[in-house]
Amino acid sequence: MIDIALLASDLAWPLTILIAWLAGELAHQTWKIPRISIYALVGFVFGPAQLAVLPHSQSASMLLLANIAFGLILFECGYRINLRWLLANPWIGATSLAEALLTFLAVYFLASGFELPASTALLLAALSMATSPATIVRVVNEQRSSGQLTERVLHLSALNCVLAVLVFKIIVGLVVFETSGSLWEASYNSLIVLSVSMIIGASAGFAVPALLRFTHRTNQDSTLAFAISIICLVALAHSLKLSPVLAALTFGLSARHRRIVFNSSQRGFGTLGDLLSVLLFVFIAATLEWRQVVAGIGLGLAIIAVRQLAKILGIGIFARISGISLRKGLLVGMASTPISAFVILVLEQTRYLGINLVEELAPLAAAALILEVLGPIFIQRALIWAHEVPDAEEPARAP
């Protein structure tokens, strides 16, 4: 006899992913909005705290799959970072530092004005620094955009993502030290985790190209080799409680500079990347609860406003001196809106480590949900207004 409850539980995720994909396709064809905005809406509505279609307990396996999906995108983002360009134009690095610092200060003083504890305000400020590379890469691939704005927002998102992880881990280490009094535990949760994550990412970036040269695959499609390597790398980082974000970014960065060609057919890792990206954006929205969103809506909206102003100001100040017009600088600031994919996975990873900050940082739940839906639309419009989207009226390939 068929166990209906067990069958419904087993089919919950596959059917939700199917519905999210179908809704994303219909919305994109009808209104030309980014598909991932719809994936997030479906994930939130079907989440355990809303319609409860998805199970209440998110297993470590689902978090691992989401981190693998995030890792594939982060690898591609890291692979597109050109260190020679950053060295030739140091004002891009200065732009990243300026907008990250302004964002940190603006959100910290805002949270302090709402009379939140200092540690909570610092954590909110650290996470608000980041621009989610996952959302940017998927929209860029969907729109097939290329140009100055596209490359600049990709580089800035990677840089401030690293800065956000660094500052966040240091603050978490301080929080752990205050509660446990253990200097070793505090250090492990900050500098050691960051260092080891980057070392294993860089090691993969040297080992995989060497393996491809050994097997004479450097001139052929190496998508499978990179995909398997990222899965192994993220699984290793996940098991060792390291940072999959830094490991995947460093892997992509070091692989690029080993002169392995990542041809156009491999952008987004093909069907595998498409499937996992649906799962990723459904997953991150499904982790949010409507009670958290409602509880943090006031401060969440204020964070969105001051964060956006800080990023636009920080990027705009250095626009002309870094080689772009003020108009494009403002558009880069507009495209730096998304935050949720990065924030939710970092918080989920922190909860997996035994430090539950999700309840404490409820305002980020509201900000994350709003920006998960609106962020991709802001990126899309910025790319179109910068004239970097070919045939903007034509539907693009599914992400």
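The largest pocket holds about 320 Å³ of space. The model is predicted. A search of the whole structure finds six salt bridges, and a nonpolar patch on the surface includes Leu22.

**Largest pocket**

- The lining of the largest pocket is made of 16 residues, and those closest to its centre are Leu83, Ala158, Leu159, Val162 and Leu253.
- Two or more lining residues come from each of helix H4 (83-88), helix H5 (91-113), helix H8 (148-180) and helix H11 (244-256).
- By type, the lining has twelve nonpolar residues, four polar residues and no charged ones.

- Side chains of opposite charge can pair when their charged atoms come close.
- Glu25 and Arg35 form a salt bridge, with 2.8 Å between the closest N and O atoms. This pair links distant parts of the chain, as Glu25 is in helix H1 and Arg35 is in helix H2 (residues 35-45), ten residues apart.
- Glu25 has a relative accessibility of 12%, so Glu25 counts as buried. Arg35 is also buried, because its relative accessible area is 3%, and the limit for buried is under 20%.
- Glu25 and Arg35 belong to a network of salt bridges that also takes in Glu142.
- A salt bridge joins Glu151 to Arg80, where the closest N and O atoms are 3.0 Å apart. Glu151 is in helix H8 and Arg80 is in the loop between helix H3 (60-79) and H4, so that the pair links distant parts of the chain, 71 residues apart.
- Glu151 counts as partly exposed at 25% relative accessibility, whereas Arg80 counts as buried at 12%.
- Glu388 pairs with Lys328 in a salt bridge whose closest N and O atoms are 3.3 Å apart.

**Nonpolar surface patch**

- Leu7, Leu11, Leu15, Leu18, Ile19, Trp21, Leu22 and Leu26 make up a nonpolar patch on the surface. Together these residues have about 720 Å² of accessible area.
- Leu22, one of the patch residues, is located in helix H1 (residues 4-31).
- The relative accessible area of Leu22 is 45%, so Leu22 is partly exposed. Patch residues need over 30% relative accessible area, and the value of 45% for Leu22 meets that cut-off.

How values were computed:
Residues are numbered from 1 along each chain as its sequence is written. This is a predicted model: local features need pLDDT of at least 70, side-chain atom pairs count only at pLDDT 80 or more; totals for chains, interfaces and linings use all residues. Side-chain values use heavy atoms; hydrogens and water are left out. Patches are made of residues with over 30% relative accessible area and no salt bridge: like charges are joined within 9 Å, nonpolar side chains (Val, Leu, Ile, Met, Phe, Trp, Tyr) within 5 Å. Accessible areas come from the Shrake-Rupley method with a 1.4 Å probe; for residues, only the protein chains shown count as cover. A salt bridge is a side-chain nitrogen of Lys or Arg within 4 Å of a carboxyl oxygen of Asp or Glu. Helices (H or I, at least four residues) and strands (E, at least two) are DSSP runs, numbered from the N terminus. Buried means under 20% relative accessible area, exposed over 50%, partly exposed in between (1.4 Å probe, protein chains only). On a 1 Å grid over the protein atoms alone, a cavity is a set of points where a 1.4 Å probe fits but cannot get out, and a pocket is an open set with protein on both sides within 12 Å along at least five of seven lines; lining residues have an atom within 4 Å of a point. Grid points are joined across faces, edges and corners, and a volume is the space filled by probe spheres set on the points. Ala, Val, Leu, Ile, Met, Phe, Trp, Tyr, Cys and Pro count as nonpolar, Asp, Glu, Lys and Arg as charged, and the others, Gly among them, as polar.
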